[in-house]
Amino acid sequence: MTIKSKYLDQLLKDFEILSELILSQMEMTRQLFIVNKGKEKDSSLYEIIEKNEKLIDGMDLKIREEVINAIFLFTPKASDLRKIIAYHDMTNYLERIGDLILNVTHFTQKFNPELVPAEQCLDILHSMFTYAQGMIKNAIISFTCEDNKVAYETIAIDDKVDALFKEVIRMMGQSFEGKVLTSGELENLMYLNSISYNIERIADNATNIAESAVYLTEGKDIRHRK
């Protein structure tokens, strides 16, 4: 194996570590938000998520440096360069997802699911999160396996998440129409909106990863196409 091959192999391994960290973060957040329905505040899980976020930031910097070095040291040919650039984009999207996951956990800590209209919206939020979690898994698979079929399927699911996000907003507006909110209800409404927004953004970044997979396999940029 050449030095170049070893270097690119290390880049792949580091990307896999980053991917596993993100998937682990999503699963722990699912336990906090869906399994416990936001009612049981498991401080140990919050601490692990916080620590993992620092690892994600470290892997982000490491992979970015490896990408830059690969370009300058090996002057890769077109196919390798496309893959290296795709790794760079993927790492950027995964790091953003890590930040968004952390936002969801922070708002979940403050969120009171027993306040109206939280109970009416929880099922929708749970569906949003389940879709987003599946999108991340499939987007990573589509990239690492260079499977454009899975990539396009992942992109299509984003419309479902967007529709659910709009439904949460509509339901919140209907629930409080004509009512005077207490400070607690207003705060809870803001936390609920923030959770749904961050889940929607997670799905958007999973879509970006799937689009990078299409770029890798087909060599075409579909980011701004309908």
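This is a predicted model: local features need pLDDT of at least 70, side-chain atom pairs count only at pLDDT 80 or more; totals for chains, interfaces and linings use all residues.
**Entry 1: I97**

I began with I97 and located this residue in helix α3, which covers residues 78-110. I then looked up its accessibility: the relative accessible area of I97 is 0%. Because the cut-off for buried is under 20%, I recorded I97 as buried. Next I listed its contacts, setting aside neighbours within four places in sequence. I97 is in contact with I22, I136, I202, N205, A206 and I209. The C-alpha atoms of I97 and N205 are 6.7 Å apart in space, while 108 residues separate the two in sequence.

**Entry 2: N205**

I placed N205 in helix α6, residues 183-218. Which residues does N205 contact, leaving aside its neighbours within four places in sequence? I found Y93, R96, I97 and L100.

**Entry 3: α2 against α3**

I turned to the packing of α3 with helix α2, which comprises residues 43-74. I noted that two packed helices are described by the angle between their axes and by the distance between those axes. For α2 and α3 the angle is about 165 degrees and the axes are 10 Å apart. I therefore described α2 as roughly antiparallel to α3, since angles over 145 degrees count as such. I also looked up the handedness, and the crossing of α2 and α3 is left-handed.

I examined E146, which sits in the loop between α4 (118-144) and α5. E146 is not a glycine, yet I found a positive phi of about 50 degrees for this residue. At the start of α5 I noted a contact made by D147: one of its side-chain oxygens comes to within 3.0 Å of the backbone nitrogen of K149.

**Entry 4: α5 itself**

I checked the length of helix α5, which has 28 residues (148-175). At 1.5 Å a residue, α5 should span 40 Å. I found its end C-alpha atoms 42 Å apart, which agrees with that expectation. Finally I looked up which residues of α5 are buried. I listed V150, A151, T154, I155, D158, V161, F165, V168, M171, M172 and S175.

Conventions: Residues are numbered from 1 along each chain as its sequence is written. Side-chain values use heavy atoms; hydrogens and water are left out. Helices (H or I, at least four residues) and strands (E, at least two) are DSSP runs, numbered from the N terminus. Buried means under 20% relative accessible area, exposed over 50%, partly exposed in between (1.4 Å probe, protein chains only). Contact means heavy atoms within 4.5 Å. The expected span of a helix is 1.5 Å times one less than its number of residues. A polar contact is a pair of N or O atoms within 3.5 Å; within protein, one must be able to donate a hydrogen and the other to accept it, and residues adjacent in sequence count only if both atoms are side-chain atoms. Axes are lines fitted to C-alpha atoms, for helices over the stretch in contact, and angles run from 0 to 180 degrees between N-to-C directions. Angles under 35 degrees count as roughly parallel, over 145 as roughly antiparallel, 65 to 115 as roughly perpendicular and the rest as oblique. A crossing is left-handed if the near helix is turned anticlockwise from the far one by less than a right angle, and right-handed if clockwise.
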